[in-house]
Amino acid sequence: MRTNLKLAWRNLWRNKRRTIIAISSIVFSVLLASYMRSMQEGSYDSMINNSVKFYTGYLQIQDTAYWDERTLDNSFEVDSELQNRIKEIKNVSLVSNRLESFSLAADHMKSKPVMVMGIEPEAEDQITNLSKKIQSGDFLKSGDKEVVISGGLAKYLELGVGDTLVMISQGYHGISASGLFPIKGIIKHPNAEFNKRLIYMEIETAREFYSAYGLSTSLVVMTDDHYRVNHIKQEIERILPEKNTVMTWTEMTPELLQIIQSDRGGGIIMLGILYLVIAFGMFSVVIMMVKERQREFGVTHAIGMQKRKLASLVFIETLFIGFIGCAVGLIISYFFCLYFFYNPIPLTGDMAKATEIYGMEPYMFVSMKASLFYNQMIVVFIISIFITIFPISNVSRLKITKAMRA
Amino acid sequence: MKIIEIKNLHKVYNGSSVSVHAVNGINMSVEEGEFTAIVGPSGSGKTTLLNVIGGLDDATEGSVEIDGVKINDLSSRKLTDFRMKNIGFVFQAYNLIPVLTAKENVEFIMHLQGRKKADRDARTSELLKAVGLGEMMDRRPSKLSGGQQQRVAVARALASKPKFVLADEPTANLDSHSTENLLDIMEQLNKEEKITFLFSTHDQRVVNKARRVITIEDGKIISDERK
């Protein structure tokens, strides 16, 4: 075996240029495939993050009737013991109450239907980093009786920090709700739609406004590992009372998941084409490698090397090329993507506008999920193993006298 | 003692339009310790005969027995194994493995035989010294002259302690000095170590050294002379 390894290694470098070209083609293929997948998954992560962070959270606990009929009448009383037990589940990073409803917001001249989100400011800020999006004024604190309104709404109603907002709505079980709320801050919400009509209110203030004392429409659960969402859901289901249900972000925003899945499908077709190009490139190198050594194969077989050993020699050579190419490709891809992970490429012009309309930050993000990298390496490595079928079949059909005349 | 016994050997190459009877009913035997040259014009069937004797090509008809073993009946795997243990080959174009040094080329066959390192080292050193290349063990074939490469090929052929050596036109690519040198080495090995050599050649110098000369034409033996 050691002799075979030594022979294979030396054979590899007998034509340095050819070997370097073959390895380079694999390196660039792995790099291209990794970057493509990393960018694709990075954009999905960004979409998911935006949707999850600024709206749904990774999981929500609701009253069983709430999702079909989203009214305050389907809110529920949160048991603090339940909340604590959920916090103790592995990978759960945060649990926060929300009370969501609608209202009519007005100043002295104009009015607009708005979405009101009653939040626990400190916890919500950990989820959304909303305080960083404040354009003017300040973000909310626990016990605040003021509101933070989105930039688009402020512009429409021509209101600023310190002005008072009039709100009229229907509260819990049809009770009329009305109030005057000073504006503490104006926020530029990353989601364009929300930026036109969202009002944040401290949850106790919202409960008082809607007469929904002690109630929440949802309990938002965040995780530090979004690949564990389904596992966390199962854990929550075990301790959840019958009146409640738990939903994941994919259940709450199925359209987002569908967009991602269909786009991912297209990406995989592109990747398949790329793999074919890689396979043919490697195949051509292996054909050259085998054809130019027919005489040598004939001689080594003549003096006593079994065809099986000869085939394993060529197999090792092909694997060497595949392995070196994949390993170098993996290292370069990782650092290449890592650079763009910390320095995402900013989008400009219409592309940036379109991205912002969909509530995403105008950057090309990349994902550093490990499997994106080693999967490319594994696929290319499997291709190289598959390609060895050719030299093995060539060796098994070897005729010594014919090979020695080559 | 007969090492090689050939009975009614035929080899026919079937081309697309014509069949060539390269070996046509040859009967012969080779005794242990012989130094035999097979001569004949180009296309007379010398190389084909050697290839069939060495198990590198199949016979169309007839049989080749080596040391009592009918090699026609061996499976491909057993035949390869048999060649490794019993037959040494020297080719016209040397055919050393280019990525291995002289020492590694000689050792290669012993690796295939699974012999121990100490045994391999001793045998390699002994053989390379015998062919006058003790100082050039670590050179790759590209750093050796044609004559030196052919001497390495002779050392390689002897590494497995074969029953006999088949040498197909071993001097065809060598200058006269290298030819003389190579023939002296082979003659010495034949005399001192009783190694049987069977050559195919055009070279009169080889013929002069040989103690038996078999002449073939059109695939048939037309003369068999012992000196």
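Here's a quick tour of this structure, chain by chain and then where the chains meet. Keep in mind that this is a predicted model. Chain A holds 16 helices and 14 strands, and buried residues make up 40% of its 406 residues. Chain B brings an open sheet of four strands, and the two chains touch through 16 residues from chain B and 17 residues from chain A.

**Chain A: the overall picture**

- Take the contacts in chain A with a separation of 6 or more: 81% of them link residues 24 or more positions apart.
- An unreviewed UniProt entry lists four stretches of chain A under "transmembrane region": residues 20–36, 268–290, 310–342 and 373–395.
- In the model, residues 310–342 of chain A are 100% helix and 0% strand, with the end C-alpha atoms 48 Å apart.
- Residues 373–395 of chain A come out as 96% helix and 0% strand, and there the end C-alpha atoms are 34 Å apart.

- Helix α1 of chain A spans residues 2–12, and its buried residues are A:Leu7, A:Ala8, A:Asn11 and A:Leu12.
- Look down the axis of α1(A) and those buried residues fall within an arc of 135 degrees, so they line one face of the helix.
- As a general rule, an α-helix has 3.6 residues a turn, so residues three or four places apart point the same way.
- Among the elements covering the buried residues of α1(A) are α2 (16–56) and α12 of chain A.
- Helix α12 of chain A runs over residues 307–342 and includes A:Phe335.
- A:Phe335 counts as exposed because it has 9 C-beta neighbours inside 10 Å, and the cut-off for exposed is 12 or fewer.
- A:Met368 sits 33 residues from A:Phe335 in sequence, with 9.9 Å between their C-alpha atoms.

**The nonpolar cores**

- The largest nonpolar core has 103 residues, and the members touching the most others include A:Ile26 and A:Val30 from chain A, plus B:Val154 and B:Leu158 from chain B.
- Helix α12(A) gives this core its largest share, eight residues.
- Setting aside neighbours within four places in sequence, A:Ile26 is in contact with A:Ile278, A:Met282, A:Gly322, A:Gly325, A:Cys326, A:Gly329 and A:Val380.
- There's also a second, separate core of 35 residues, with A:Ala105, A:Leu157, A:Ile186 and A:Leu215 among them.

**Chain B: the sheet**

- The four strands of the open sheet in chain B are ordered β2-β1-β4-β5, with antiparallel pairing.
- The edges belong to β2 and β5 (69–70) of chain B; each has a single partner strand, so one side of each is left without a neighbour in the sheet.
- Ten bridges tie β1 (residues 2–14) to β2 (residues 19–31) of chain B, and a hairpin of four residues links β1(B) and β2(B).
- One of the paired positions is B:Asn14, whose bridge partner in β2(B) is B:Ser19.
- Strand β1(B) is also joined to β4 (residues 61–66) of chain B, by five bridges in an antiparallel run, and B:Lys7 stands opposite B:Ser63 in β4(B).

**Where the chains meet**

- The contact takes 16 residues from chain B and 17 residues from chain A.
- On the side of chain B that touches chain A, the elements giving two or more residues are α2 (76–86) and α3 (102–113) of chain B.
- The largest share of that side, four residues, comes from α2(B).
- Sorted by class, that side of chain B has nine nonpolar, four polar and three charged residues.

Notes:
Residues are numbered from 1 along each chain as its sequence is written. Chains are lettered from A and ligands numbered from 1 in the order in which they are written. This is a predicted model: local features need pLDDT of at least 70, side-chain atom pairs count only at pLDDT 80 or more; totals for chains, interfaces and linings use all residues. A residue is buried if 20 or more other C-beta atoms lie within 10 Å of its own, exposed if 12 or fewer, and partly exposed in between; C-beta atoms are placed from the backbone. Two residues are in contact if their C-beta atoms, placed from the backbone, lie within 7 Å. UniProt positions are given in the numbering used here, feature names are shortened, and annotations may be inferred rather than shown by experiment. Ala, Val, Leu, Ile, Met, Phe, Trp, Tyr, Cys and Pro count as nonpolar, Asp, Glu, Lys and Arg as charged, and the others, Gly among them, as polar. Two strands pair if DSSP finds at least two bridges between them. The arc is that of the directions from the helix axis to the C-beta atoms. A nonpolar core is a set of buried Ala, Val, Leu, Ile, Met, Phe, Trp, Tyr and Cys residues joined through C-beta atoms within 7 Å.
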